[in-house]
Amino acid sequence: MDKVLSYLTLDRGQFHELTLRARVILTQLPLSLTVLLILVGGVLFHRDLFESRSFLVGVGLQALLLVVCVLVPWDRLPHASFLVIPLLDFIPIGLMRYGAGTVITGVGLLAVFPVIWLAASGLFPRAALTAGFLGSLGVVWVPVFVTDAEVSSQSLTQSFLLPFIMLAIGVTIRVMTASMMAQQAVVEEKDRALQVLLEESARRERLLDTVVNSVDVGLVALDDAGRPVLTNRKLEKLRALTGGAGDTAEEDLRIYQQDGETVMPATRRPTRRAAEGQVFSDYLLWWGERPGQRVLSTSSRVMTNQAGTREGSVVTFNDVTELVAALNAKDEFVATVSHELRTPLTAIRGYLELLTSIPDLEPEVASGLEVVSRNSERLHKLVVDLLSAAEGPPEITPAPTDFSGLVSRRIAQAEEGNSNPLVRFEDLTDAGLVALCDASRITQVLDNLLSNAIKYSPDGGRVTVRAAEVDGEVECSVTDEGSGMSPEELEGVFSKFFRTSGARNAAIPGVGLGLAIAQGIVQRHGGTITCRSVEGEGSVFTFRLPLAHIEQGRPLQAQ
Ligand code: ADP
């Protein structure tokens with residue numbers, strides 16, 4: 001009842017959200033109130049109305065029906081049961097109309113209430129319209145039949161219009177209700193879909209939260225203005241190492257460069273770079289003060305919306321302190337062992353030279369010494385490579401160099417020492433190229449590329465060397481038709497100690513340092529070195545060096 005009252009006072013809820021009982025009462029109430037109005041009118045102006053028994057019985061029945069509406073637990077009965085009320089409503093209406101006679105006219109119009117109720121219920125549409133029509137017809141015809149007066153066509157057609165008006169109202173209400181119900185069904189469907197979406201998005205948020213906080217990598221997501229919109233617990237812990245709390249700006253954190261002491265400028269800090277839309281990987285930072293300093297590898301990726309425009313970035317912070325320490329320890333170990341090997345190796349090579357220079361050696365002794373000498377040279381090259389890899393980028397002394405001559409000489413040298421007769425050489429070097437480079441270091445690069453081209457062409461093929469001036473630089477490439485590499489292998493080809501599984505399985509000699517050293521040398525010159533390769537078809541290594549602008553007549557560096 002509370003709900004009914006609050007609905008009537010318009011302060012709560014939608015009609016369809018009320019209980020069925022409340023809705024039945026509310027729907028019956030307009031009819032009951034109109035009857036009450038007629039009663040008040042009768043008391044005030046037409047007392048003779050109360051002399052009619054039919055009228056009084058009608059009023060009593062109407063009141064009884066309202067009581068039934070209130071008392072019956074409609075929610076527990078079959079849903080359509082409440083339709084009995086509008087159907088029964090026609091009886092008191094008929095009685096009141098008959099009883100009111102000509103004292104109060106138009107009482108029959110009360111039939112509009114049950115007609116509207118039946119049509120608007122949306123249940124059994126045709127039966128409801130028919131019942132409304134027949135009910136209204138009953139209201140006007142039943143008195144004609146039950147009274148003593150003779151039934152005539154005149155008496156039957158006197159109020160004949162009422163049932164048709166009621167039918168028209170019923171049809172109109174039915175059409176409007178059907179359209180409203182269809183609209184409501186659409187809204188409810190959308191509501192359900194929205195609910196499902198909301199639940200799904202809440203589930204995804206929980207999942208994201210769990211994943212983000214369970215990974216051992218610091219994470220921050222930035223919006224397009226560079227403001228953090230999401231961080232995880234790992235990042236909070238890492239920030240604590242640098243003296244930063246949750247809201248400390250990145251430029252106030254104690255972040256250092258590789259030496260662990262020079263403060264990293266604000267513009268080169270990862271979140272700042274990511275906020276500017278930069279994409280980077282494995283960008284190393286030294287985080288916090290010594291002794292507890294950590295090394296972090298940071299990466300940034302751009303987030304885009306459906307239209308492909310940048311919406312922000314995600315930056316990851318990975319603690320690689322132990323890895324960096326292990327790599328440093330490995331480099332130190334390699335450098336120490338190489339140093340220790342160099343001294344006895346120098347003595348061995350010296351004595352070998354002495355021994356091989358002895359005249360009239362026994363042929364077996366001479367060939368034995370030849371094997372020892374070849375292997376000690378290989379060992380020497382390995383030690384030199386290990387030392388230069390451990391020392392980092394080499395020192396260079398660039399000078400204008402006859403690059404064309406240098407390349408041709410290295411090809412000739414490679415041809416001479418070539419142990420693979422299936423490999424042929426082709427020199428497509430442009431004449432007169434002058435590069436600004438350290439000739440001895442570039443010799444090292446060329447020798448490495450040429451020896452690789454031979455080593456990794458076990459079935460032979462052509463090794464083509466091209467050199468030309470391209471975009472104001474000297475470009476040189478070494479192309480082979482050998483084993484080639486897969487795209488994954490290609491990614492690591494310039495890393496220290498990298499060897500493809502094919503090279504290892506075929507026991508091709510090498511330790512995976514030549515290309516790392518070659519890259520260091522070329523980069524020291526301000527140049528670039530790249531590789532293209534197709535597995536089973538061959539590889540192309542290309543490097544570029546600065547051109548030398550020389551004055552006429554000045555001598556060139558030669559090797
Ligand atoms: P090394 O040849 O001593 O192993 P490098 O640094 O020169 O070391 O080369 C690294 C690795 O790259 C080689 O082990 C080999 O697997 C691969 N590689 C280099 N050059 C070629 C090439 N021309 N064709 C195919 N694979 C190559």
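Three helices, H5 (112-120), H6 (125-146) and H8 (161-214), each supply at least two residues of the lining of the largest cavity. The model is predicted. H6 gives the most to this lining, with four residues. The residues that line the largest cavity are Val115, Leu118, Ala119, Ala128, Leu129, Gly132, Phe133, Met166, Leu167 and Gly170. The space inside the largest cavity comes to about 40 Å³. One cavity of 30 Å³ or more is present in the structure.

The domain assignment divides the protein chain into four parts: domain 1 (2-190), domain 2 (216-319), domain 3 (325-390) and domain 4 (399-546). Between the C-alpha centres of domain 2 and domain 4 the distance is 38 Å.

Strand S1 covers residues 218-223. Six of its six residues are buried, so S1 is largely enclosed by the rest of the structure. In a regular strand, side chains alternate between the two faces of the sheet. In S1, Gly218, Val220 and Leu222 point one way. Leu219, Ala221 and Asp223 point the other way. Residues of both sets are buried.

S1 has pairing partners in strands S6 and S2. With S6 (residues 310-319), S1 pairs in the antiparallel sense over six bridges. Within this pairing, Val220 stands opposite Val315 in S6. S2 (residues 228-231) also runs antiparallel to S1, and three bridges join these two strands. Here Leu222 stands opposite Pro228 in S2. S1 and S2 form a hairpin with four residues between the strands. Gly226 in this hairpin takes a positive phi near 85°.

Arg544 lies in strand S13, which spans residues 538-546. Is Arg544 buried or exposed? The relative accessible area of Arg544 is 18%. The cut-off for a buried residue is under 20%, so Arg544 counts as buried. Its side chain makes a polar contact with the side chain of Glu473, at 3.0 Å. Beyond residues up to four places away in sequence, Arg544 touches Val470, Asp471, Glu473, Val474, Glu475, Val522, Gly527 and Thr528.

Conventions: Residues are numbered from 1 along each chain as its sequence is written. This is a predicted model: local features need pLDDT of at least 70, side-chain atom pairs count only at pLDDT 80 or more; totals for chains, interfaces and linings use all residues. Side-chain values use heavy atoms; hydrogens and water are left out. Domain bounds come from an automatic or database domain assignment. Buried means under 20% relative accessible area, exposed over 50%, partly exposed in between (1.4 Å probe, protein chains only). A polar contact is a pair of N or O atoms within 3.5 Å; within protein, one must be able to donate a hydrogen and the other to accept it, and residues adjacent in sequence count only if both atoms are side-chain atoms. Contact means heavy atoms within 4.5 Å. Two strands pair if DSSP finds at least two bridges between them. On a 1 Å grid over the protein atoms alone, a cavity is a set of points where a 1.4 Å probe fits but cannot get out, and a pocket is an open set with protein on both sides within 12 Å along at least five of seven lines; lining residues have an atom within 4 Å of a point. Grid points are joined across faces, edges and corners, and a volume is the space filled by probe spheres set on the points.
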